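Subject: Structure for your review

Dear colleague,

Please find the structure below, followed by an account of what was found in it.

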Amino acid sequence: MEKVGSVIRKVQTIIGIVVVVAAIAIGAYMFLVPKTLKDTKENFQFTIPAKYNFEKNTSIDEEEYSYDLAVYDSKTSIYIYASRYKLSDEIFEDLAKEDRDSYIDTVTNLSEVKKIEVKDHESYAYSFEYNDNDDKPYYIEINLVKTEKAIYRIEIECTTASKEDYTIDFEKILTTFKELK
């Protein structure tokens, strides 16, 4: 009888170890493997660090804003909005400056437009701060990317207090931009 009890304890120990290893593997997968975000029409995508859990932002007014991608992470209060537009004959840098200038009277700490690197695409960026409807301050980066097929406007925002924690991730997310069709 002792031998049967001993065998049962060994089997239980082995099962316990297997369960713990499986749980660790699943947890590691969820927190280490990056996630892909695609727009609603599957024209473009981003790869997001695994630590974020983005979901569709249903709180925006779809009649007022027409984003192809609108997601947020409720834990970090990071939002990503992106839209695809038809190519324009206008000089792209001038288009970026016009986009920036539309915010002059409504935001604070509005930066100048600067040329940035996003793959091999002509790209510009600027940033600013604003207060939402609850007077909570937010930091937003606007990135404009021109490909051979379209112009993309990518907004990534977080609370102003947490911008130092997340701006490096903003850069990582932007560099993963990929046009699909």
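In this predicted model, strands E8 and E9 are paired in the antiparallel sense over 9 bridges. Strands are DSSP runs of E with at least two residues, helices are runs of H or I with at least four, and both are numbered from the N terminus; two strands count as paired if DSSP finds at least two bridges between them. E8 and E9 form a hairpin, with 4 residues between them.

As to the basis of the values, residues are numbered from 1 along each chain as its sequence is written, and side-chain values use heavy atoms, with hydrogens and water left out. Because the model is predicted, local features need pLDDT of at least 70 and side-chain atom pairs count only at pLDDT 80 or more, while totals for chains, interfaces and linings use all residues.

Sheet and helices

The strands E3-E4-E5-E9-E8-E7-E6, in that order, make up an open sheet of 7 strands with antiparallel pairing. Its edge strands are E3 and E6, each of which pairs on one side only. E4 pairs with strand E5 (residues 78–85) in the antiparallel sense over 5 bridges, and leucine 69 has alanine 82 in E5 as its bridge partner. Helix H2 packs on the sheet and touches strand E7 (121–131), E8 and strand E9 (151–159), its direction making about 5° with that of E7. Helix H3 also packs on the sheet, where it touches E5, E6, E7, E8 and E9; its direction makes about 160° with that of E9. For these angles, axes are lines fitted to C-alpha atoms, for helices over the stretch in contact, and angles run from 0 to 180 degrees between N-to-C directions. Contact means heavy atoms within 4.5 Å.

E5 and E9 run antiparallel and are joined by 7 bridges; arginine 84 has tyrosine 152 in E9 as its bridge partner. E9 is mostly covered, with 9 of its 9 residues buried. Buried means under 20% relative accessible area, exposed over 50%, and partly exposed in between (1.4 Å probe, protein chains only).

Two buried residues

Tyrosine 139 is found in strand E8 (residues 137–146) and stands opposite cysteine 158 in E9. Tyrosine 139 has a relative accessible area of 10% and is therefore buried. Leaving aside neighbours within four places in sequence, the contacts of tyrosine 139 include Phe128, Ile156, Cys158, Lys163 and Phe170. Between tyrosine 139 and asparagine 109 there are 9.3 Å in space, C-alpha to C-alpha, and the two are 30 residues apart in sequence.

Aspartate 68 is placed in the loop between strand E3 (55–56) and strand E4 (69–73). Aspartate 68 also counts as buried, at 10% relative accessibility. Among the residues that aspartate 68 touches, not counting those up to four places away in sequence, are Asp39, Lys41, Phe44 and Arg84.

Salt bridges

A search of the whole structure finds 8 salt bridges, each defined as a side-chain nitrogen of Lys or Arg within 4 Å of a carboxyl oxygen of Asp or Glu.

- Lysine 51 and aspartate 169 form a salt bridge, their closest N and O atoms being 3.0 Å apart. The pair links distant parts of the chain, 118 residues apart: lysine 51 is in the loop between strand E2 (44–48) and E3, and aspartate 169 is in helix H3 (residues 163–175). Lysine 51 is partly exposed at 46%, whereas aspartate 169 is buried at 4%.
- Lysine 97 and glutamate 93 form a salt bridge, with the closest N and O atoms 3.6 Å apart. About one helical turn separates the two, because they are 4 residues apart in helix H2 (residues 92–101).
- Glutamate 112 and arginine 100 form a salt bridge, with the closest N and O atoms 3.4 Å apart. Glutamate 112 lies in the loop between H2 and strand E6 (114–118) and arginine 100 in helix H2, so the pair ties together parts 12 residues apart in sequence. Glutamate 112 is exposed at 59%, whereas arginine 100 is buried at 10%.

Largest pocket

The largest pocket holds about 750 Å³ of space. On a 1 Å grid over the protein atoms alone, a pocket is an open set of points where a 1.4 Å probe fits, with protein on both sides within 12 Å along at least five of seven lines; lining residues have an atom within 4 Å of a point. Grid points are joined across faces, edges and corners, and the volume is the space filled by probe spheres set on the points. The lining comprises 26 residues, of which Ile60, Tyr65, Tyr81, Tyr130 and Glu157 lie nearest the centre. E5 gives the most to this lining, with 5 residues.

Yours sincerely
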